[in-house]
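Let's take a walk through a protein together, one stop at a time. Have the sequence and the 3D view ready before we set off.

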Amino acid sequence: MTVGFIMMCHTALDRAAQVARYWATSGAPVVIHVDARVSEHDYSALGRSLADLEDISFSRRYKCEWGTWSLVAAAQAASEQMLERHREVRHVYLASGSCLPLRPLSELTDYLAARPYTDFIESVTTTEVGWTVGGIDMERFTLRFPFSWKKQRRLFDRYVELQRRVKFKRRIPDGMVPHLGSQWWCLTRQTLSAILQDPDRDMYDRYFKRVWIPDESYFQTLTRLYATSVESRSLTLTKFDFQGKPHIFYDDHLQLLRRSDCFVARKVWPKADRLYSTFLAPGNGSSVMAEPNPAKIDRLFSKSIERRTKGRPGLYMQSRFPKKDHENGKTSAPYSIFHGFSDLFENFDGWLAKYVGARVHGHLFAPERAEFASGEEMFSGCLTDSAVMRDYNPRAFLTNVIWNSRGERQCFMFSPRDNQDNNWFTATDPNAQISVISGAWALPLSRVNENFATIRREAARLQKRELEHLDILRSMYVKARVRIWSIAEFIENPMEPLQTIIDEISPRSTRRLTEAPQMVDLTGFGQFLQNLKNQGMQPLVMGDFPLDEGARQSTTRRGRPYLVK
């Protein structure tokens, strides 16, 4: 029992010669097809390097182009030469110049000898194929494709659209059911000769010359007409990415390739010296006759494709910039936003840092600068506190703050005075925890010594900005964890919401709050709100804040923290 190899080569001819020599010296005849676009100098050099081996020959050369009939014509010519010159061959194995044998030839011949009438070729109907890329499945058999998809893409697309518009449909030859599959097959002599010597071959060839990517359908379809036993799988390990392009194997894939137990792998990097030296070594081989099982490594390739298409959560890369709302997570880790807390409490960031295991910043989006924790001017990842650089892309600034400090939760203060460009982004981010005390922005405004008309205009502006933010936080599209209190509601019982917030940030902590942060002086705040009303502005976000509330707060809570009893 002998297997013969057909090698389709167009580049890295030195590696192709190395593999051809390995097979020929092991007892297998080899027919090499070299793309006609390869220079005569390189072609002649390849022939001279293999001239000492009688079992290696070269077939008629074709100028091959992806997705065209030329690839099938080249395989036909090489197959005819193999069957004519090597009568002892019982299986013909189609490989490429970038293929690398993973197991000794003796194991492959023994494997095929145990299955003398079995054809190994991936062959499935169009309705069962889930890997076609390009949106053309059954239409590749019913439309005409005279133009090159790579070189004449505009003509290709327009001609396809024209055929669809006029509802053109080719007739599929009687008795033939179109099948698709990998280009790399291993067919019995009986099946391959039946395909090449069929009296109706001219009809089939004319039909497939106008099929799109016929090298993935010609032998795959006709094998079904003549084979007695078909295993719809290839003995060559070939993995494709999400774009339909083959994965390339490098030196660090050595153990991965061994684990697959496949006989041949494609596509191997020409400079993978370790792979070539290991698998082409005389002593390379397994101790048992293992069944080829590429599924063993499918999980790793699935992870690779997922990492390439989705990336890591919250990581934005130039080579894989996500589509809007299709990111793999807007940010990389949970974070907390405290809206209004720094206006209501003195040194709230310092108090919060004592109770949670997190980095607590000031107002990261303040108009003057990014207020990093501890007053730092530079944060992880060389993020500067410059407002100009931050506001060039506020979303990227925030995602970089979270990404560069992953492993440590980030908290920061916020108010209507800050840059509002990220409001929708944070509201729709599942990693965000947003706590809001509405109306707290009016507290520092109530202590400003300025014309009241100016204060009123500023209050109206800030209230409008806060209302817009609150509308976003109450929309149906919100994915963040949002809690909203009015200032009047919050000061009635601040301990309960503060404990809830801290428990959510540090769920494993059993520490209970014994004191609240010190509240700012509320004296005269109720009167300030009344003055705004008297001047024609209606405060809408403060809650039910009575006129004498400020005086009462000043006598009961001013100047000392609350104590829990």
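Which residues does serine 57 touch, not counting residues up to four places away in sequence? Keep in mind that this is a predicted model. Serine 57 makes contact with Val30, Val31, Ile32, Gln81 and Arg85. You will find serine 57 in strand β3, which covers residues 56–58. Its relative accessibility is 9%, and because buried means under 20%, serine 57 counts as buried.

Our next stop is a sheet. Here 3 strands form an open sheet, in the order β5-β12-β11, with mixed pairing. The edges are taken by β5 (100–101) and β11 (236–237); each has a single partner strand, so one side of each is left without a neighbour in the sheet. Look at how β5 pairs with strand β12 (residues 264–265): the sense is antiparallel, over 2 bridges. Within this sheet, leucine 100 stands opposite alanine 265 in β12.

Now turn to helix α6, residues 153–165. The buried residues of α6 are Phe156, Val160 and Gln163. They cover an arc of only 65° around the axis, which means that they lie on the same side of α6. On the face turned away from the buried side, α6 carries the exposed residues Arg154, Arg158 and Arg165. After α6 comes lysine 167, whose phi is positive, near 60°.

Notes
Residues numbered from 1 in each chain as written. Predicted model: local features only at pLDDT ≥ 70, side-chain atom pairs only at ≥ 80, totals over all residues. Heavy atoms only, no water. Helix = DSSP H or I, 4+ residues; strand = E, 2+ residues; numbered from the N terminus. Buried < 20%, exposed > 50% of the residue type's maximum accessible area, 1.4 Å probe, protein only. Contact = heavy atoms within 4.5 Å. Pairing = 2+ DSSP bridges. Arc of directions from axis to C-beta.
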